[in-house]
Amino acid sequence: MAGEMTILGSAVLTLLLAGYLAQQYLPLPTPKVIGIDLGTTYCSVGVFFPGTGKVKVIPDENGHISIPSMVSFTDGDVYVGYESLELADSNPQNTIYDAKRFIGKIFTPEELEAEVGRYPFKVLHRNGMAEFSVTSNETIIVSPEFVGSRLLLKLKEMAEEYLGMPVANAVISVPAEFDLQQRNSTIQAANLAGLKILRVINEPTAAAMAYGLHKVDVFYVLVIDLGGGTLDVSLLNKQGGMFLTRAMSGFLTLLGTDYQ
């Protein structure tokens, strides 16, 4: 009996050791959710690797870790990111940028007229919303959501190429001052790109978490975001490892393209 117990104990230890060694050489889990920053002037996409705890910002095919938030329409084709940037000078009327400033936002005709004076492309007022008129083979009307969807599709393809697998789920950040309609319009743009948005997170909260502030002993955090298209200031209050936005302010026409 003692000999049988010894053999059984050795077998269990062997199995445990084999399982441990197998875990050391198994491939790390593949991320199944991407994180997206749909910026006013530049966009980026990243993934969190659960096996190592590291975050990777995914580059495009030329090694750029962000792409211009620009979409160009030509006869029979649509160009995104750096390809669109190359067409901006020769095709300005059909190259849309700063679409994030219009997505889901309600304008009076007077407000929209004051906003669009800086742009070379045509912006229309349709039932309180902004739309863009572009000419490829014919004149077509595209929404800010559609422009956003082309950018998100490009980011999705970058992630799929890097990970070597299809990607369907994402978390996306938006400005803290976005209202419900602007958030829903951002989700709609992602859905058009074939992405399911698992969570919409405020950009200041995303920034605070990126710096690991949810893990340290802080109570209030002031986040200043000098973006390419806006300047935002948010006061965050940490509660239970998460951040609540207590106050926010900003300027939508202060930086980036407004002062080039």
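A: Start with Lys 156, which sits in helix 4. This is a predicted model. Is Lys 156 buried or exposed? Its relative accessibility is 13%. The cut-off for buried is under 20%, so Lys 156 counts as buried. Setting aside neighbours within four places in sequence, Lys 156 contacts Val 167, Ala 193, Gly 194 and Leu 195.

Now move along to Leu 152. Not counting residues up to four places away in sequence, Leu 152 touches Ile 36, Leu 38, Ile 172, Ala 189, Ala 190, Ala 193 and Leu 195.

Next, the core. The largest nonpolar core holds 46 residues. Leu 152 is among the members that touch the most others, along with Ile 34, Ile 36, Phe 102 and Phe 132. Helix 4, residues 144-163, gives this core its largest share: seven residues. A separate second core has five residues, including Ala 208, Val 223, Leu 236 and Phe 243. In soluble globular proteins, nonpolar side chains tend to be buried together.

Last, the whole chain. It has 260 residues, and 38% of them count as buried. Its secondary structure comprises six helices and 15 strands. Take the contacts with a separation of 6 or more: 53% of them join residues 24 or more positions apart. The chain exposes about 14600 Å². Carbon and sulfur atoms supply 58% of that area.

Definitions and conventions:
Residues are numbered from 1 along each chain as its sequence is written. This is a predicted model: local features need pLDDT of at least 70, side-chain atom pairs count only at pLDDT 80 or more; totals for chains, interfaces and linings use all residues. Side-chain values use heavy atoms; hydrogens and water are left out. Helices (H or I, at least four residues) and strands (E, at least two) are DSSP runs, numbered from the N terminus. Buried means under 20% relative accessible area, exposed over 50%, partly exposed in between (1.4 Å probe, protein chains only). Contact means heavy atoms within 4.5 Å. Accessible areas come from the Shrake-Rupley method with a 1.4 Å probe; for residues, only the protein chains shown count as cover. A nonpolar core is a set of buried Ala, Val, Leu, Ile, Met, Phe, Trp, Tyr and Cys residues joined through side-chain atoms within 4.5 Å.
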